[in-house]
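Here are my notes on this one, written for someone who will have the model open while reading. Have a look at it first, then go through the points in any order.

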Amino acid sequence: MAIRDLHRISALMIAAYAALHVTNHIVGIGGAVSHINFMEAIRPIYRQPVIEAVLLFCVMFQVGSGLFLAIRGWKQRHGLIPWVQAASGMYLAFFLVVHVSAVLLGRAVLKLDTNFYFAAAGFYETPYKFFFAPYYFFAIFALFTHLGCAAYWQVQARPTLVRALTVLIPAGCGLVISLFIVLSLAGVLHPVEIPAEYKATYELK
Ligand code: HEM
């Protein structure tokens, strides 16, 4: 089986988790309480040792295989969509490494409940907010765009307009959803009071 096929299979596992996870963040547009209630309801699905182990393995494999595919095809890549696909995939690789490491560190070392406040805390400390706003914004935007690019190759026989919309519709939805998620985390949509234990993560000793 080619590495590209394995990359697709692993993507299905991550996409299943991401569908739940992004829905959680969409629900969180309604505020921290909605986000936390939804997360507590879905945690029994993915916080199972076997499921977490498979998910973390898929994340590591996805990052490694994705970077391999991006670098291997560098010189043969022509046209906008292949470059958008590679760029969104490379951003996701960066994001996933940092994001999953932070969540595991937050749970195992800082002994924090990695909930809405864990994700939002950085927005309330300068200069960290200048990192977290684009970091989360481009994560959701890149995910939707990358999936749109994957779908693009499945509609090659269709008219140009259909092919263009196959990328533009998910990318546009990703942009709007991402913007609202970031505004919610940043406390622009609802007041957010970050508990002291999460704030302490960013305070210089
Ligand atoms: C605004 C964007 C995002 C925010 C604020 C966010 C926040 C979080 C939080 C708070 C957790 C901990 C979950 C828990 O404790 O139950 C988490 C875990 C995780 N997130 Fe995200 N996330 C975002 C986007 C993404 C995206 C786009 C992906 C993948 C494509 C992703 C993949 C993961 C993975 C793999 C875990 C670890 C799950 C586990 O093993 O428990 N996240 N994220």
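The points below cover the ligand, the pocket and cavity, the annotated spans and a few backbone details.

1. First, the ground rules. This is a predicted model, where local features need pLDDT of at least 70, side-chain atom pairs count only at pLDDT 80 or more, and totals for chains, interfaces and linings use all residues. Residues are numbered from 1 along each chain as its sequence is written, and side-chain values use heavy atoms, with hydrogens and water left out.

2. Start with the ligand. It has 23 residues around it, the closest being His21, Tyr46, Arg47, His99 and Thr114 (a residue is near a molecule if one of its heavy atoms lies within 4 Å of it). By class, this shell holds 14 nonpolar, five polar and four charged residues; here Ala, Val, Leu, Ile, Met, Phe, Trp, Tyr, Cys and Pro count as nonpolar, Asp, Glu, Lys and Arg as charged, and the others, Gly among them, as polar.

3. Arg43 has a polar side-chain atom 2.8 Å from a ligand oxygen. Two or more shell residues come from each of helix H1 (3-27), helix H2 (32-46), helix H3 (49-72), H4, H6 and helix H7 (160-185). H4 gives the most, with six residues. Helices are DSSP runs of H or I, at least four residues, numbered from the N terminus.

4. Next, the second largest pocket, at about 260 Å³. A pocket is an open set of points on a 1 Å grid over the protein atoms alone, with protein on both sides within 12 Å along at least five of seven lines; a cavity is a set where a 1.4 Å probe fits but cannot get out, and lining residues have an atom within 4 Å of a point. Volume is the space filled by probe spheres set on the points, which are joined across faces, edges and corners. Of the 16 lining residues, Ala102, Phe118, Phe132, Tyr136 and Tyr202 lie nearest the centre. Helix H4 (80-108), helix H5 (116-120) and helix H6 (129-152) each give two or more residues to this lining. The lining has 14 nonpolar, two polar and no charged residues.

5. How many cavities of 30 Å³ or more are there? The count is one, and the largest cavity has a volume of about 40 Å³. Its lining includes His25, His35, Phe116 and Ser184, and H7 supplies the largest share, three residues.

6. On the record: the unreviewed UniProt entry annotates "transmembrane region" at 12-33, 53-71, 91-110, 130-153 and 165-189, though such annotations may be inferred rather than shown by experiment. In the model, residues 53-71 are 100% helix, with end C-alpha atoms 27 Å apart. Residues 165-189 are 84% helix, with 30 Å between the end C-alpha atoms.

7. Last, two loop details. Thr126 and Pro127 are joined by a cis peptide bond, with omega about 10°; Pro127 is in the loop between H5 and H6. Lys111, in the loop between H4 and H5, has a positive phi of about 55° although it is not a glycine.

Technical notes:
Polar contact = N/O pair within 3.5 Å; in protein donor to acceptor, adjacent residues only side chain to side chain.
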